Amino acid sequence: MGHRRNTHLRDILADELRRRRGERSQRQFALQLGIGRSTYNRIEMGEENLTLNTLDTICKRLGISIGQLFGDVE
């Protein structure tokens, strides 16, 4: 994934979720993650500040750790 400098964590999260969503609609992916579509849309747009609980839920639903979700962040 490479080093990501001077990038906001919410932008990294948005990029990674977009990548993991693939061809699925935002609605389908939001349902899989257990969050609302409008909330998911704001996350993907980099406009949503997540709680740790929501971030934990997303990681559990994806079967990954928070470290895997954010990759190599400096």
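Rings of Phe, Tyr and Trp (its six-membered ring) form a pair if their centres lie within 6.5 Å, and planes over 60 degrees apart count as edge-to-face. The legends below describe a predicted model.

**Figure 1. The aromatic pair of Phe-29 and Tyr-40.** By this criterion, the predicted structure holds 1 aromatic pair. The ring centres of Phe-29 and Tyr-40 are 5.5 Å apart and the ring planes stand at 80 degrees, so the arrangement is edge-to-face. The pair links distant parts of the chain, with Phe-29 in helix H2 (residues 26-33) and Tyr-40 in helix H3 (residues 37-44), 11 residues apart. Phe-29 counts as buried because its relative accessibility is 0%. Tyr-40, also with a relative accessibility of 0%, is likewise buried.

**Figure 2. The largest nonpolar core.** This core comprises 16 residues, and those with the most contacts inside it are Leu-17, Leu-62 and Leu-69. At least two core residues are supplied by each of helix H1 (9-21), H2, H3, helix H4 (52-62) and helix H5 (66-70). H4 provides the largest share, 4 residues.

**Figure 3. The surroundings of Leu-17.** When residues up to four places away in sequence are not counted, Leu-17 touches Phe-29, Tyr-40, Ile-43, Ile-58, Leu-62 and Leu-69. Both members of the aromatic pair, Phe-29 and Tyr-40, are thus included in this set of contacts. Leu-62 and Leu-69, which Leu-17 also touches, are named with Leu-17 among the residues with the most contacts inside the core.

**Figure 4. The two faces of helix H4.** The buried residues of H4 are Leu-55, Ile-58, Cys-59 and Leu-62. Seen down the helix axis, these residues fall within an arc of 95 degrees, so they line one face of H4. They pack against H1, H2, H3 and H5. On the face of H4 turned away from the buried side are the exposed residues Asn-53 and Lys-60.

**Figure 5. Arg-27 in helix H2.** Arg-27 is found in H2, the helix that also contains Phe-29. Arg-27 has a relative accessible area of 54% and is therefore exposed, whereas Phe-29, at 0% relative accessibility, is buried. Although Arg-27 and Asn-41 lie 14 residues apart along the chain, their C-alpha atoms are separated by 8.8 Å.

Notes:
Residues numbered from 1 in each chain as written. Predicted model: local features only at pLDDT ≥ 70, side-chain atom pairs only at ≥ 80, totals over all residues. Heavy atoms only, no water. Phe/Tyr/Trp six-rings, centres within 6.5 Å; stacked < 30°, edge-to-face > 60°. Buried < 20%, exposed > 50% of the residue type's maximum accessible area, 1.4 Å probe, protein only. Core = buried A, V, L, I, M, F, W, Y, C linked by side-chain atoms within 4.5 Å. Contact = heavy atoms within 4.5 Å. Arc of directions from axis to C-beta.
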